[in-house]
Amino acid sequence: MTSRSTSFLPRFGGLLLCLAAAACGGGPDAAKLTDEGYASLGKSDWKNASADFDAALAQLKTTDAGYLRAKLGSIEALVQLEPAKAKNEFLALASSMPAQVKSSDFISVASKLTSKQAFTEAVAVLEAGLKAFPEDPKVRAVGDAIVKAAQNAPDPEAKKALESLSGLGYTGG
């Protein structure tokens with residue numbers, strides 16, 4: 001009986017150690033990178049935040065628990081670096097994960113794009129948010145905020161955004 005139990009370890013012990021190491025390998029690193037990405041966002045260090053989120057996302061599958069958090073952080077960094085890419089990635093995310101992306105995510109991304117004066121992108125996110133959450137008054141209120149910001153912006157892009165908003169039922173008072 002002793003020989004059987006000792007022969008078990010050489011045969012399967014290494015396998016068990018490998019499985020344990022694999023189970024612990026990707027998750028904590030991705031979670032740590034995501035946390036570091038959010039810390040960089042807090043310091044307005046968009047490039048490092050984007051790099052941290054990209055590294056975390058490289059380790060995650062869309063079904064992993066930390067994926068949505070890392071992806072939303074990546075999009076937040078992209079708002080500052082590449083607003084059009086942020087819009088495209090958010091709309092793709094919302095389309096591929098409609099049950100996980102909340103109205104508050106649409107509100108957050110559209111609001112951040114508005115603050116960046118990326119009005120065309122903000123309107124696109126708002127439009128998708130209105131389709132996904134037609135009864136949510138907070139999503140509708142984002143359109144009012146975009147109207148107000150676009151009215152005060154001097155660039156021609158803001159005027160295009162106002163026209164698009166008019167088509168969605170917003171008026172430019």
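K32 pairs up with E36 in a salt bridge, with the closest N and O atoms 3.8 Å apart; the term covers a side-chain nitrogen of Lys or Arg within 4 Å of a carboxyl oxygen of Asp or Glu. Both residues sit in helix α1 (residues 2–42), 4 residues apart, or about one turn of the helix. Helices here are DSSP runs (H or I, at least four residues), numbered from the N terminus. K32 is exposed at 52% relative accessibility, while E36 is partly exposed at 33%. For these labels, buried means under 20% relative accessible area, exposed over 50%, and partly exposed in between (1.4 Å probe, protein chains only).

The model is a predicted one, with local features needing pLDDT of at least 70 and side-chain atom pairs counting only at pLDDT 80 or more, whereas totals for chains, interfaces and linings use all residues. Residues are numbered from 1 along each chain as its sequence is written, and side-chain values use heavy atoms, leaving out hydrogens and water.

The salt-bridge count comes to 3. One of them joins D35 and R69 at 2.9 Å, N to O. D35 belongs to helix α1 and R69 to helix α3, so this pair ties together parts 34 residues apart in sequence. Another is formed by E89 and K71, at 2.7 Å from N to O; it links distant parts of the chain, with E89 in helix α4 and K71 in helix α3, 18 residues apart. K71 is buried, at 14% relative accessible area. Setting aside neighbours within four places in sequence, K71 is in contact with L57, E89 and L93, contact meaning heavy atoms within 4.5 Å.

Helix α3 (residues 67–81) also holds G73, which is buried with a relative accessible area of 0%. Not counting residues up to four places away in sequence, G73 touches Y38, L41 and F53.

As for helix packing, α4 (residues 83–96) and α5 pack at an angle of about 170°, their axes 11 Å apart. Axes are lines fitted to C-alpha atoms, for helices over the stretch in contact, and angles run from 0 to 180 degrees between N-to-C directions. That makes the two helices, α4 and α5, roughly antiparallel, a label for angles over 145 degrees. P83, F90 and A94 of α4 meet D105, F106, V109 and L113 of α5.

D105 lies in helix α5 (residues 103–115). D105 is buried yet has no salt bridge, and the nearest side chain of opposite charge, K102, is 5.9 Å away; Lys and Arg count as positive and Asp and Glu as negative, with His and the chain ends not counted.

Technical notes:
Parallel < 35°, antiparallel > 145°, perpendicular 65-115°, else oblique.
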